[in-house]
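Please look over the sequence and the structure below before reading on.

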Amino acid sequence: QVQLVESGGGSVQAGGSLRLSCAASKYTNTGYCMAWFRQTPGKERDGVAVIYTPRKSTYYTDSVKGRFTISHDNAENTLYLQMNDLKPEDTAVYYCAADAVPCSSLILPRRESSYRTWGQGTQVTVSS
(Lines give C-alpha, C1' and ligand atoms only; values in the text may rest on other atoms or scores of the structure.)
Protein backbone atom coordinates (compact mmCIF):
# COMPACT_ATOMS: atom_id res chain seq x y z
CA GLN A 1 0.00 0.00 0.00
CA VAL A 2 1.30 3.41 -0.98
CA GLN A 3 1.87 5.67 1.96
CA LEU A 4 2.73 9.36 1.83
CA VAL A 5 4.09 11.13 4.88
CA GLU A 6 4.12 14.92 4.92
CA SER A 7 6.17 17.26 7.04
CA GLY A 8 7.29 20.87 7.16
CA GLY A 9 4.11 22.74 7.97
CA GLY A 10 3.95 25.40 10.63
CA SER A 11 3.20 29.01 11.43
CA VAL A 12 4.99 31.93 9.80
CA GLN A 13 4.47 35.61 9.31
CA ALA A 14 3.52 37.05 5.94
CA GLY A 15 6.54 37.22 3.66
CA GLY A 16 8.13 34.18 5.25
CA SER A 17 8.99 30.81 3.77
CA LEU A 18 8.26 27.16 4.44
CA ARG A 19 9.30 23.94 2.73
CA LEU A 20 6.91 21.02 2.72
CA SER A 21 8.12 17.47 2.20
CA CYS A 22 6.20 14.34 1.23
CA ALA A 23 8.04 11.05 1.54
CA ALA A 24 6.70 7.95 -0.14
CA SER A 25 7.10 4.69 1.71
CA LYS A 26 9.68 2.23 0.36
CA TYR A 27 8.78 0.04 -2.61
CA THR A 28 5.69 2.12 -3.34
CA ASN A 29 4.57 3.16 -6.78
CA THR A 30 3.61 6.80 -6.75
CA GLY A 31 3.11 7.03 -10.49
CA TYR A 32 4.58 9.83 -12.57
CA CYS A 33 2.31 12.69 -11.48
CA MET A 34 2.51 14.03 -7.96
CA ALA A 35 0.86 17.12 -6.62
CA TRP A 36 0.18 19.43 -3.72
CA PHE A 37 -3.35 20.42 -2.83
CA ARG A 38 -4.65 22.67 -0.10
CA GLN A 39 -7.92 22.93 1.74
CA THR A 40 -9.55 25.48 4.03
CA PRO A 41 -12.54 24.77 6.26
CA GLY A 42 -15.77 24.38 4.36
CA LYS A 43 -14.12 24.43 0.96
CA GLU A 44 -13.02 21.84 -1.56
CA ARG A 45 -9.46 20.67 -1.91
CA ASP A 46 -7.72 22.80 -4.57
CA GLY A 47 -4.72 21.90 -6.68
CA VAL A 48 -1.70 24.10 -5.98
CA ALA A 49 1.09 22.51 -8.01
CA VAL A 50 1.67 19.38 -10.07
CA ILE A 51 4.84 17.73 -11.35
CA TYR A 52 5.41 15.07 -13.97
CA THR A 53 8.44 13.48 -12.39
CA PRO A 54 10.24 11.93 -15.43
CA ARG A 55 10.61 15.29 -17.19
CA LYS A 56 10.00 17.67 -14.29
CA SER A 57 7.13 19.31 -16.14
CA THR A 58 5.17 21.47 -13.73
CA TYR A 59 1.87 23.27 -13.30
CA TYR A 60 1.02 25.98 -10.78
CA THR A 61 -2.25 27.58 -9.94
CA ASP A 62 -2.17 31.30 -10.71
CA SER A 63 -2.19 32.47 -7.10
CA VAL A 64 1.14 30.79 -6.30
CA LYS A 65 3.08 31.34 -9.53
CA GLY A 66 6.45 32.92 -8.86
CA ARG A 67 6.24 32.13 -5.13
CA PHE A 68 5.96 28.33 -4.87
CA THR A 69 8.20 25.69 -6.43
CA ILE A 70 7.35 22.02 -6.67
CA SER A 71 10.18 19.52 -7.02
CA HIS A 72 10.83 15.81 -6.72
CA ASP A 73 13.87 13.82 -5.67
CA ASN A 74 13.79 10.58 -7.65
CA ALA A 75 16.40 8.83 -5.52
CA GLU A 76 14.51 9.50 -2.30
CA ASN A 77 11.05 9.44 -3.94
CA THR A 78 10.23 12.59 -2.01
CA LEU A 79 8.07 15.46 -3.17
CA TYR A 80 8.75 19.03 -2.06
CA LEU A 81 6.95 22.34 -2.09
CA GLN A 82 9.09 25.40 -1.46
CA MET A 83 6.81 28.26 -0.47
CA ASN A 84 8.22 31.79 -0.46
CA ASP A 85 6.63 35.17 0.17
CA LEU A 86 3.78 33.51 1.99
CA LYS A 87 0.51 35.39 2.36
CA PRO A 88 -2.34 35.00 4.87
CA GLU A 89 -4.50 33.59 2.08
CA ASP A 90 -2.06 30.67 1.78
CA THR A 91 -3.25 29.45 5.17
CA ALA A 92 -4.65 25.94 4.71
CA VAL A 93 -4.05 22.27 5.28
CA TYR A 94 -1.70 21.11 2.56
CA TYR A 95 -1.90 17.58 1.16
CA CYS A 96 0.41 15.71 -1.15
CA ALA A 97 -1.11 13.38 -3.70
CA ALA A 98 0.21 10.67 -6.00
CA ASP A 99 -0.74 7.89 -8.40
CA ALA A 100 -2.84 9.99 -10.75
CA VAL A 101 -4.86 8.80 -13.71
CA PRO A 102 -4.50 10.06 -16.39
CA CYS A 103 -0.96 11.38 -16.27
CA SER A 104 1.62 12.36 -18.87
CA SER A 105 3.97 15.19 -19.70
CA LEU A 106 1.03 16.88 -21.43
CA ILE A 107 -1.61 15.94 -18.87
CA LEU A 108 -0.90 17.24 -15.37
CA PRO A 109 -4.01 16.43 -13.36
CA ARG A 110 -5.34 19.22 -11.20
CA ARG A 111 -8.49 17.59 -9.86
CA GLU A 112 -8.70 15.84 -6.54
CA SER A 113 -10.54 12.94 -8.14
CA SER A 114 -7.57 12.15 -10.42
CA TYR A 115 -5.33 11.09 -7.53
CA ARG A 116 -5.63 7.75 -5.77
CA THR A 117 -3.21 8.22 -2.89
CA TRP A 118 -3.04 11.01 -0.32
CA GLY A 119 -0.95 12.10 2.60
CA GLN A 120 -2.44 12.96 5.98
CA GLY A 121 -2.11 16.73 5.54
CA THR A 122 0.01 19.37 7.22
CA GLN A 123 -1.20 22.72 8.52
CA VAL A 124 0.29 25.94 7.18
CA THR A 125 -0.69 29.14 8.97
CA VAL A 126 0.41 32.56 7.74
CA SER A 127 -0.22 35.55 9.97
CA SER A 128 -0.34 39.15 8.81
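Which residue of β6 does A49 stand opposite? A49 faces Y60 in β6. This is a predicted model, in which local features need pLDDT of at least 70 and side-chain atom pairs count only at pLDDT 80 or more, while totals for chains, interfaces and linings use all residues. Residues are numbered from 1 along each chain as its sequence is written, and side-chain values use heavy atoms, with hydrogens and water left out.

- Strands here are DSSP runs of E with at least two residues, numbered from the N terminus.
- Two strands count as paired if DSSP finds at least two bridges between them.
- Six bridges link β4 and β5 in the antiparallel sense, and R38 stands opposite D46 in β5.
- The hairpin of β4 and β5 has six residues between the strands, and G42 in the turn has a positive phi of about 80 degrees.
- β5 also runs antiparallel to β6 (residues 57-60), joined to it by four bridges.
- Four residues lie between the strands in the hairpin of β5 and β6, where K56 takes a positive phi near 65 degrees.
- Six of the seven residues of β5 are buried, so this strand is largely enclosed by the rest of the structure.
- Buried means under 20% relative accessible area, exposed means over 50%, and partly exposed lies in between (1.4 Å probe, protein chains only).

**Residue L81**

- L81 belongs to strand β8 (residues 78-83).
- L81 counts as buried because its relative accessibility is 0%.
- Leaving aside residues up to four places away in sequence, L81 touches L18, R19, L20, W36, A49, F68, T69, I70 and Y94; contact means heavy atoms within 4.5 Å.
- L81 and M34 are 47 residues apart along the chain, and their C-alpha atoms are separated by 11 Å.

**Salt bridges**

- Side chains of opposite charge can pair when their charged atoms come close.
- A salt bridge is a side-chain nitrogen of Lys or Arg within 4 Å of a carboxyl oxygen of Asp or Glu, and by this rule there are five.
- One of them joins the side chains of R45 and E112, at 3.9 Å from N to O.
- R45 lies in the loop between β4 and β5 and E112 in the loop between β9 (92-100) and β10 (115-118), so the pair ties together parts that are 67 residues apart in sequence.
- R45 is buried at 18% relative accessibility, whereas E112 is partly exposed at 36%.
- K65 and D62 form another salt bridge, with the closest N and O atoms 3.0 Å apart, and both residues are exposed.
- In the salt bridge of R116 with D99, the closest N and O atoms are 3.1 Å apart.
- R116 lies in strand β10 and D99 in strand β9, so this pair ties together parts that are 17 residues apart in sequence.
- R116 counts as exposed at 56% relative accessibility, and D99 as buried at 16%.
- Salt bridges that share partners join R38, R67 and D90 into one network.

**The largest pocket**

- A pocket is an open set of points on a 1 Å grid over the protein atoms alone, where a 1.4 Å probe fits, with protein on both sides within 12 Å along at least five of seven lines; lining residues have an atom within 4 Å of a point.
- The largest pocket holds about 180 Å³ of space, a volume being the space filled by probe spheres set on the points.
- Its lining has 13 residues, and R38, Q39, T40, E44 and D46 lie nearest the centre of the pocket.
- β4 (33-39) and β5 (46-52) each supply at least two residues of this lining.
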